[in-house]
Amino acid sequence: MLILGGGIIGLEMGTVYSTLGARALPEGIEVTFASAEEGGTAPAPQVYDLVLQAMGRTPNGKKIAADKAGVAVTDRGFINVDIQMRTKVPRIFAIGDIVGQPMLAHKAVHEAHGHGKILGGGMVSTHAGDMIGEIALAIEMGADAVDIGKTIHPHPTLGESIGMAAEIAHGSCTDLPPSKN
């Protein structure tokens, strides 16, 4: 199997396909390589049963028109951020591949854990409009899950679900049975 691209994804996929049994066959795809050096001798053609193209990822900052929101986008499509992942527009943050190398999914997850502040919220409920104000206030105040969890929420109400969600997020919820392993 020929893997075009020597990045992390190419290595991971090569390992997966090798484990699954990918092997070169005499009647496979013949590939001719060019010499890396000017005037150099190119290696002899090689035969592969599979070719995996694992290169060519590009950031999409321009494609999503981030500049229309005032966010600075580089010529290559990356979004500029500071050490706290803030763009030049207040309250707009960016993480992951779009902010630069390394372009790895688990890097984005790590970046999203930066500081613990509430950055947004989503609800699905017939009464979401009655409850979303608490999340908006938490964002405006720079609150975190501990702040929301320590706020008294009347019982029994739908609003107490916000407090419970915050308690679950920071590990202090006493109203749930212990999880089974």
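These are my notes on the overall build of one protein chain and on one of its residues, Gly149.

**Entry 1, the model.** I am working with a predicted model. I looked up the secondary structure and found 5 helices and 4 strands in the protein chain. I then read the elements along the sequence, and their pattern is β-α-β-β-β-α-α-α-α.

I checked the extent of the C-alpha trace, which spans about 75 × 45 × 30 Å along the principal axes of the protein chain. I also looked up the radius of gyration, which is 25 Å, while a compact globule of 181 residues would have one near 16 Å.

I counted side chains by charge and got 13 positive and 19 negative. The centres of these two sets lie 5 Å apart.

I located Gly149 in helix H4, which covers residues 145–149. Is Gly149 buried or exposed? I put it down as buried, because its relative accessibility is 14% and the cut-off for buried is under 20%. Which residues does Gly149 touch, leaving aside neighbours within four places in sequence? I listed Gly163, Ala166, Glu167 and His170. Last, I looked at Val16, which is 133 residues from Gly149 along the chain, and found their C-alpha atoms separated by 44 Å.

How values were computed. Residues are numbered from 1 along each chain as its sequence is written. This is a predicted model: local features need pLDDT of at least 70, side-chain atom pairs count only at pLDDT 80 or more; totals for chains, interfaces and linings use all residues. Side-chain values use heavy atoms; hydrogens and water are left out. Helices (H or I, at least four residues) and strands (E, at least two) are DSSP runs, numbered from the N terminus. The radius of gyration is taken over C-alpha atoms; the globule rule is 2.2 Å times the number of residues to the power 0.38. Lys and Arg count as positive and Asp and Glu as negative; His and the chain ends are not counted. The place of a charge is taken as NZ of Lys, CZ of Arg, CG of Asp or CD of Glu. Buried means under 20% relative accessible area, exposed over 50%, partly exposed in between (1.4 Å probe, protein chains only). Contact means heavy atoms within 4.5 Å.
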